[in-house]
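Please read them with the structure open.

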Amino acid sequence: MARVVGLGPDALRRSNLSTVLRLLHGEGRATRAELTALTGLNRSTVAALVRELNDHGLVTEGDAVATGAPGRPSPMVSVRTDRVAVLAVDIKVDSIAVATMTLGGTRLGQQRVRRDRHDTTVDATLDVLEELARDSLDALPRRQRLIGIGIAVAGLVRHPDGMVDLGPNLGWSQVPIGELLKARLRRRVPVTVGNDGDTGALAERVHGAGRGVEHLIYLSGEVGVGGGIISSGRPLTGSMGYAGEVGHVTIDADGDRCGCGNTGCWELLIGERAVLRATGRLGDGGQDALTEMLLAAGDGEPEARRGLAEIGRWTGIGLASLVNLFDPQRIVLGGLHAELHPFLVDAATSELRSRSLVATRSGAEIVPAAFGIDSSLVGAGEAALQPLLDDPTGTSAPAPSMPAHALG
Ligand SMILES: [Zn+2]
């Protein structure tokens, strides 16, 4: 399955190197026998590919271990976490996070700082980012080479140049955030910019709750509601990169006015303000009110529980349309909705099953994200690693925005 028909010997070798490194990146480690079985390549080819990845400092080969299967013990191959790194950046309305990340999805250092949601200007964001990024990069060991920067933003990100066309809840319009950050940091490495829903879906698919799943819907709430859709193992981007704006699907045509200009968007029914109002809190209470409400819900407060069941119902109503359209194997709730998951999953599932003929047949489950609030951060790092995973020993030019072929 790793063989690509019509490639010359060199292109074939590079494609196979990419396949092997991607497998190890997703798994962390595997025996050479397992790699042989998973790739369908022969044993001597796999041995040569592992040797080449080893020569490039990307993997290490340990002692032979018994595999439990018939045959000789096989050497364990692991990704190296001490040679290359990317800088992952997550720009949300309420917080900013930075981490350095390496192969296997290992995060070497991470900081998330909360901020005032009324002070999200581009300059204020860059000031915080610059300080956090310098801290993280200074902490990298000298031998660890920075190979890219990945940025996740709560907004519409244009393909292929990574321009943040619009960030309604950030108050941003036409912001080339990748170039601006690169200039601040004075680093000459490729920068990848992606929508936070798309990067969140990527992280969960490769390392989290969507591992091994080819068809996935990721839904994530913060102040707004966003998402990412993966179909047949590939992110759905649309013509401009804007696909997956699930928060602005119309659920109630006569509903309230949304920040996007539409009325009755899903975001208004399951976003933060709706959650706070439904649970008897003030809609503009923000993070502190949410934390208090979640604790109360955990203690069984009837008002909080009833409100979250209502949010679950609206979640299921919106999901029914998405499931009918995309027939996912799994639905992953991230960000705020990962925290709400235990309180809304029953209502959401029952609403979904009663409304979607596809959901009743596929049995697609609604699960919480493995990375919680950090899915989009991990996905930003993952997007920045793609050029290396695509061409482990080469220098092919990376794309400035999240590549459509980002998933292996
Ligand atoms: Zn809207």
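1. A residue is called buried if 20 or more other C-beta atoms lie within 10 Å of its own, exposed if 12 or fewer, and partly exposed in between, with C-beta atoms placed from the backbone. Helices (H or I, at least four residues) and strands (E, at least two) are DSSP runs, numbered from the N terminus. The model is predicted: local features need pLDDT of at least 70, side-chain atom pairs count only at pLDDT 80 or more, and totals for chains, interfaces and linings use all residues. Residue numbers start from 1 along each chain as its sequence is written.

2. Helix H1 (residues 9–27) has 19 residues and reaches 27 Å from its first C-alpha to its last, close to the 27 Å expected at 1.5 Å a residue. The expected span is 1.5 Å times one less than the number of residues. The buried residues of H1 are Arg14, Asn16, Leu17, Ser18, Thr19, Val20, Leu21, Leu24 and His25. They pack against several elements, including helix H2 (32–39), helix H3 (43–55), strand E2 (59–65) and helix H13 (375–390). Contact here is taken as C-beta atoms, placed from the backbone, within 7 Å of each other. Just after H1, Gly28 has a positive phi of about 90°.

3. How is the protein divided into domains? Domain 1 covers 9–79, domain 2 covers 84–199 + 375–390, and domain 3 covers 211–369. These bounds come from an automatic or database domain assignment. Between the C-alpha centres of domain 1 and domain 2 there are 31 Å. Seven residues from domain 1 and four residues from domain 2 make the contact. On the side of domain 1 that touches domain 2, H1 gives the most, with four residues. That side divides into three nonpolar, three polar and one charged. For this count, Ala, Val, Leu, Ile, Met, Phe, Trp, Tyr, Cys and Pro are nonpolar, Asp, Glu, Lys and Arg are charged, and the others, Gly among them, are polar.

4. The 17 residues of helix H4 (residues 122–138) should span 24 Å at 1.5 Å a residue, and the end C-alpha atoms are 24 Å apart, which agrees. Thr125, Leu126, Leu129, Leu132, Ala133 and Ser136 are buried in H4. Seen down the axis of H4, the buried residues fall within an arc of 140°, so they line one face of the helix. The arc is that of the directions from the helix axis to the C-beta atoms. Exposed residues Asp123, Asp127 and Asp138 sit on the face of H4 turned away from its buried side. The buried residues of H4 pack against strand E4 (84–91), strand E5 (95–101), strand E6 (107–114) and helix H5 (177–185).

5. Strand E8 (residues 156–157) and strand E9 (residues 164–167) run antiparallel and are joined by two bridges; two strands pair if DSSP finds at least two bridges between them. Leu156 stands opposite Leu166 in E9, and Leu166 in turn stands opposite Ser173 in E10. E9 pairs with strand E10 (residues 172–175) over three bridges, also antiparallel. The E8 and E9 hairpin has six residues between the strands, with Gly162 at a positive phi near 75°. The E9 and E10 hairpin has four residues between them, and Gly171 in the turn has a positive phi of about 75°.

6. Five strands form an open sheet of mixed pairing, in the order E14-E13-E12-E15-E16. Its edge strands, each pairing on one side only, are E14 (234–235) and E16 (365–368). E12 (residues 216–221) and E13 (residues 225–231) run antiparallel, joined by six bridges. Within this pair, Leu216 stands opposite Ile230 in E13.

Definitions and conventions: Two residues are in contact if their C-beta atoms, placed from the backbone, lie within 7 Å.
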